[in-house]
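Me: I am new to this structure and would like to learn how to read it step by step. Could you show it to me?

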Amino acid sequence: MDTSTDAATAADTADTADSADTADLDETLVCSGCGTTPPPEARAAARLTWSRGTDAGRTTWTCERCSRENLRSIESKLDPVWW
Ligand SMILES: [Zn+2]
């Protein structure tokens with residue numbers, strides 16, 4: 001009986017499942033403000049530092065720089081008295 005072929009096939013299947021998981025984690029971050037994408041090595045950090053939001057059910061990301069600029073423009077819009 002040769003069972004080594006079966007074992008190799010099982011390992012192949014596990015590998016494929018693994019790659020699918022990795023692809024899911026590899027969701028592309030694109031800044032909704034300036035359209036920049038973090039380099040692969042900074043992607044994990046970007047997930048922590050970028051602002052995450054939802055727009056019409058889709059996940060949107062805003063890079064650190066744009067978040068700061070947005071915040072400033074929101075603050076400056078709040079500052080003037082409109083009425
Ligand atoms: Zn940006």
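Predicted model: local features only at pLDDT ≥ 70, side-chain atom pairs only at ≥ 80, totals over all residues.

Me: What is the mean pLDDT of the protein chain, and where is confidence lowest and highest?

Reply: The pLDDT is the predictor's confidence in each residue, from 0 to 100. In the protein chain its mean is 77, with 61% of the residues reaching 70 or more. Confidence is lowest in helix α1 (residues 4-25), where the mean is 54, and highest in helix α2 (residues 43-49), where the mean is 91.

Me: Which pattern does the protein chain follow along the sequence?

Reply: Helices (H or I, at least four residues) and strands (E, at least two) are DSSP runs, numbered from the N terminus. The protein chain holds 3 helices and 2 strands, and read along the sequence they give the pattern α-α-β-β-α.

Me: In which sense do β1 and β2 pair?

Reply: Two strands pair if DSSP finds at least two bridges between them. Here strand β1 (residues 51-55) and strand β2 (residues 58-62) pair in the antiparallel sense over 5 bridges. Gly53 stands opposite Thr60 in β2, and Asp55 stands opposite Arg58 in β2. The two strands form a hairpin with 2 residues between them, and Ala56 in the turn has a positive phi of about 55 degrees.

Me: How many residues of β1 and of α3 are buried?

Reply: A residue is buried if 20 or more other C-beta atoms, placed from the backbone, lie within 10 Å of its own, exposed if 12 or fewer, and partly exposed in between. The count of buried residues is 0 among the 5 of β1 and 0 among the 15 of α3, while 7% of the 83 residues of the protein chain count as buried.

Conventions
Residues numbered from 1 in each chain as written.
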